[in-house]
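Subject: Structure handover

Hello,

Here is the structure for your work.

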Amino acid sequence: MNIDNQAVVKTKVVVVGNGMVGHHFVEQLVELSNSEQTVEITVLCAESRLAYDRVHLSEYFAGKSAEDLAMTDEKTYQQWQVNFAVDAKVSHIDKAQGFVETEQGKRYHYDKLVLATGSYPFVPPIPGKDREHCLVYRTIDDLDAIQASADKSKVGVVIGGGLLGLEAANALKQLGLKTHVVEFAPQLMGVQVDAGGGRLLKSKIEQLGVQVHTSKATNEIVDGEHCRYKLCFSDGSELETDLILFSAGIRPFDNLAREFDLVIGERGGIVINNQCQTSDNNIYAIGECALWSNFIFGLVAPGYAMAKVAAKHILGEEQHFTGADMSTKLKLMGVDVGSIGDAHAKTSGSLCYTYENQPNGVYKKIVVNAEKTKLLGAVLIGDTSEYDTLLQYMLNAIDLPESPESLILPMAADKPALGVDALPDSATICSCHNVTKGDIVSAIDNGACSVGDIKTCTKASSGCGGCTALVKNVTDSLLEQRGVEVKKDICEHFAHSRRELFDIVKVEKITTFEQLLSSHGKGLGCEVCKPLTASILASVWNDYILDKSHVGLQDTNDNYLANMQKDGTYSVVPRIAGGEITPDKLIVLGEVAKKYNLYTKITGGQRVDLFGARVEQLPPIWQELIDAGFETGHAYGKSLRTVKSCVGSSWCRYGVQDSISMAILLENRYKGLRAPHKIKFAVSGCTRECAEAQSKDIGIIATEKGWNLYVCGNGGMKPRHGDLFTTDLDDKTLIKYIDRILMFYVNTGDRLQRTSVWMDNLEGGLSYLQDVVIEDSLQIADELEKQMQLIVGSYQCEWKTTLANPQALKRFKPFVNSDKSDTNIQFVEERQQIRPAYQHERIAVNIAENRVTQSPKIVEPV
Amino acid sequence: MSLKTVTQWPSSLEDQQWQTVCQMEDLISNSGVCALLEQSDKTVVDEQVAIFHLPDTEQQVYAIGNYDPIGKANVLYRGIVGSIGENLVVASPLFKQHFSLQTGQCLQQDISVKNYPVRIMNQQVQLLV
Ligand code: SRM
Ligand SMILES: Cc1cc2nc3c(=O)[nH]c(=O)nc-3n(C[C@H](O)[C@H](O)[C@H](O)COP(=O)(O)OP(=O)(O)OC[C@H]3O[C@@H](n4cnc5c(N)ncnc54)[C@H](O)[C@@H]3O)c2cc1C
Ligand code: SF4
Ligand code: FES
């Protein structure tokens with residue numbers, strides 16, 4: 001045999017910068033060169049951590065940790081055999097000998113060099129700009145500095161009213177500062193938005209409590225009188241502040257190219273060709289440091305496209321970067337903003353249509369060509385519902401309708417809905433991952449048959465998520481065209497809807513999951529169909545849910561009769577019907593919480609939640625609660641939660657009925673009822689509605705003559721006011737109607753469908769439900785009442801049953817072979833109570849306890 | 001039911017040995033329990049293993065790491081078990097990602113947990129560790 005014994009010579013690729021784009025490049029190169037192992041990758045990273053998600057940087061202030069934002073970690077790079085160094089800023093390039101050198105003097109040889117150095121915030125040369133509390137907003141370290149400064153500040157100013165400036169202003173506001181935005185230009189977001197849009201944006205943002213100062217040039221930063229600093233403007237006015245954040249644009253990190261003779265643009269940026277090569281063939285530049293066709297792209301999607309092109313080119317494949325669309329849709333401080341294409345109508349001959357609704361804070365403009373046949377751009381403030389459609393018109397040069405204004409006018413009856421079919425195959429559906437309609441078509445040709453499949457095989461909608469609705473529409477419509485029924489199946493194991501399974505269980509008298517699976521399903525089941533079946537079995541037969549045959553079916557919350565928290569501990573919520581509690585019972589709650597060191601909070605449902613119980617502590621805690629007369633609150637179940645009450649006629653000077661007694665009666669009647677989703681009630685003693693009954697699934701408001709019944713209200717993600725079902729009911733009729741309504745919902749609702757959504761999807765809506773319940777139009781009222789009676793009659797406190805069942809209790813032991821506790825659960829103290837330690841506060845367990853020196857206050861388990 | 005089991009048994013067992021962790025009767029059918037592999041070396045964290053009993057499958061007993069690398073908590077044994085296509089899986093009780101019981105691989109993300117070869121000897125559950 002004649003095997004060349006020498007190792008294959010690998011191409012040495014050195015990547016300078018490990019931002020979002022640099023990391024994406026590494027990912028692409030690893031993936032593309034997978035089988036061949038022909039490249040050896042080295043990543044040099046100036047920051048002290050590997051790549052993280054800068055786009056979602058602001059979420060750091062909303063509680064996300066650096067780990068949450070991380071896009072990779074050391075282990076992953078090691079697995080990929082990627083060499084890397086952090087805190088390694090490159091300061092020298094030797095093109096002739098092919099190496100780079102870091103500030104520390106370490107050299108790395110390359111065959112191909114990739115510059116992905118991104119950009120840095122521009123700080124205008126204002127005297128005083130280098131003072132201690134003058135900061136920028138770009139990296140996690142910047143955010144730490146802002147946080148630290150904000151802790152010692154009351155007022156904050158952002159200099160720069162562009163997109164990033166407004167995002168930074170929002171962060172300052174969230175940090176509790178009185179916030180100002182100072183903008184040099186006469187309007188906000190001048191790049192994306194026109195003057196009219198800017199005006200509206202300003203007024204909306206001011207309504208949110210952020211003061212906006214436009215047309216202000218800052219001359220100087222000096223000591224303040226009331227605050228730390230004072231900004232002096234060219235027009236003589238002044239503004240006092242403790243903290244200053246510069247967000248006056250970004251500048252490409254092109255210093256390496258500048259110093260080591262690569263061609264750069266007139267106003268900066270490393271010049272690249274369509275293959276992302278710089279003026280030196282062996283050196284590439286990608287992302288925000290690169291200048292393509294005299295343009296720098298300040299968004300991540302074009303950077304990703306460059307990364308892909310460069311990776312392919314290095315592996316010998318020809319691909320072209322051909323520019324990218326800069327349209328954006330975002331929510332700034334809760335204000336919807338959209339900008340598409342030529343927002344400023346700069347194209348010669350272009351014409352505009354504008355719609356402004358000041359009372360509602362909506363501004364929309366479209367820019368069309370002189371012939372009024374194509375869309376060139378758009379600005380949307382306050383309502384971006386037309387963004388997707390408009391973007392497709394622009395990107396795909398789709399012919400405009402006769403009167404283009406109908407695209408943005410509200411109430412235009414003939415508003416042309418842009419059917420998905422109208423999109424050409426080249427239409428970009430997901431710009432983050434560059435997925436076109438054609439890509440989705442071919443994925444379906446290759447067997448994808450659901451939105452989930454499309455997401456897995458094309459990655460569509462796994463970036464910013466902005467395209468989720470469009471991806472679903474396109475996929476569903478394409479599938480329908482092919483005669484694929486868009487399935488209502490609950491999961492791959494059952495070709496049935498929840499309603500069908502409910503009927504099957506009832507009619508065939510099925511009592512276990514195994515029976516149902518073997519007669520109507522396939523496979524072994526999953527986390528969707530198992531809890532669903534458990535819920536149906538409980539609704540129909542009301543067996544003990546931790547019965548041996550049901551145990552494996554329950555969601556973890558039902559399974560341990562408590563709500564799992566983020567660290568694997570549980571919360572304990574005893575029932576406090578109607579929110580009424582005796583002082584003695586309140587003391588018991590306090591004593592139990594103290595004994596087991598549980599975090600204690602009053603919930604939004606008028607009861608008390610005790611958090612941080614380890615799985616093995618649940619039985620003893622519940623034993624004490626039950627001994628004191630408490631019972632389970634079903635906070636873990638898709639079942640009745642709470643019946644909120646107000647004090648009503650027993651105390652309140654306005655009350656006209658005894659709302660507390662009614663609330664307690666209802667809570668005790670329906671407790672334990674399992675349903676498609678959770679159910680909440682409230683009872684108010686008069687029309688002042690202190691119990692907020694109209695936001696509940698079942699809401700009851702007292703009248704002089706009895707009770708008004710409201711149905712299908714919802715708080716939560718999509719609030720819905722309850723519909724007035726009927727008025728002035730006596731106690732007995734009230735209960736009869738509620739029995740029927742709830743049981744009808746239990747019989748017909750979809751999985752995880754609250755009553756509000758159920759009502760919205762009920763054909764015939766409210767009047768149909770009134771017919772069924774009041775007129776008994778389906779002749780099922782008796783049956784519904786009987787079903788409810790079975791449930792009410794067979795109620796048991798699941799915790800009481802569990803405590804009497806040694807077999808069930810065994811499962812609360814954390815380990816089958818040890819009496820130890822889970823050492824990974826760690827608490828720290830905050831406001832005199834425990835809370836789970838954040839990642840950065842954790843101490844490594846077992847690693848020699850005596851070595852922990854910077855010790856956070858760890859609270860010992862009881 | 002004939003779902004394929006594909007556990008690869010390591011060919012070289014030199015450094016590894018079978019360790020009994022519990023009895024068959026400690027398992028809960030169609031559900032999970034957790035066992036602790038205590039480490040003699042005190043500087044190393046004890047290993048937690050999630051053990052699942054699926055009586056309707058060929059291999060019957062499966063063992064994977066208990067730590068959910070996505071939710072970052074020791075909870076996998078408290079998930080619901082089942083199948084996704086040909087894969088036997090547990091769904092994390094925190095955020096519902098599926099982990100293969102046979103390989104430890106997460107089906108939704110490029111991340112995996114350890115998996116342990118299991119055998120049953122005289123009603124004892126043994127892991128190769
Ligand atoms: C504890 C509590 C917050 C608090 O500190 O006050 C709470 C906590 C949780 N809520 Fe809530 N909700 C709590 C009152 C509410 C309320 C207010 C109310 O009930 O009056 C609402 C709005 C009213 C409504 O539901 O219409 C509310 C709307 C939600 C929603 C959104 C539901 C929706 O239809 O949009 C969810 C998510 C879901 O259920 O899918 C949710 C889910 C949750 C979960 C289960 C999230 C989770 O999976 O971990 C939280 C776990 C509780 C636990 O571990 O004990 N929670 N939640 C409140 C417990 C009330 C109680 O005593 O049982
Ligand atoms: C708060 C914020 C919100 C944003 N929101 C969005 C959004 O919603 N949508 C969107 O598309 N974009 C958004 N962006 C922009 C987006 O983050 C950038 O387009 C993207 O991060 C650019 O990636 P990059 O890799 O080119 O540069 P960067 O992510 O900046 O990475 C460059 C890295 O190179 C390092 N580096 C520089 N010089 C050297 C050197 N000499 N040696 C070694 N390392 C070096 C830097 O320290 C840095 O870590 C946002 C940016 C910010 C700051
Ligand atoms: S709803 Fe009416 S009765 Fe109840 S507390 Fe408010 S004012 Fe009083
Ligand atoms: S456009 Fe961002 S995920 Fe698709």
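Please keep in mind that this is a predicted model.

I begin with the second largest pocket. Among the elements that line it, H13(A) contributes the most, with four residues. That helix spans 498–507, and at least two lining residues each also come from H20 (731–748), H21 (755–761) and H23 (781–793), likewise in chain A.

The volume of this second largest pocket is about 640 Å³. Its lining comprises 24 residues, and those closest to the centre are A:Arg499, A:Asn747, A:Thr748, A:Asp750 and A:Trp758. Sorted by class, the lining of the second largest pocket holds ten charged, eight nonpolar and six polar residues.

Next, the ligand site. There are 19 residues around ligand 1, of which A:Gln565, A:Gly604, A:Arg607, A:Lys678 and A:Gly715 come nearest.

Which atoms of A:Arg607, A:Asn714 and A:Gly715 lie 2.7 Å from an oxygen atom of ligand 1? For A:Arg607 it is a polar side-chain atom, and for A:Asn714 it is also a polar side-chain atom. In the case of A:Gly715, a backbone N or O atom lies at 2.7 Å from a ligand oxygen.

Regards

Notes:
Residues numbered from 1 in each chain as written. Chains lettered and ligands numbered in written order. Predicted model: local features only at pLDDT ≥ 70, side-chain atom pairs only at ≥ 80, totals over all residues. Heavy atoms only, no water. 1 Å grid on protein atoms, 1.4 Å probe; cavity = no way out; pocket = protein on both sides within 12 Å on 5 of 7 lines; lining within 4 Å. Points joined across faces, edges and corners; volume = space filled by probe spheres on them. Nonpolar A, V, L, I, M, F, W, Y, C, P; charged D, E, K, R; others polar. Near = heavy atom within 4 Å. Polar contact = N/O pair within 3.5 Å; in protein donor to acceptor, adjacent residues only side chain to side chain.
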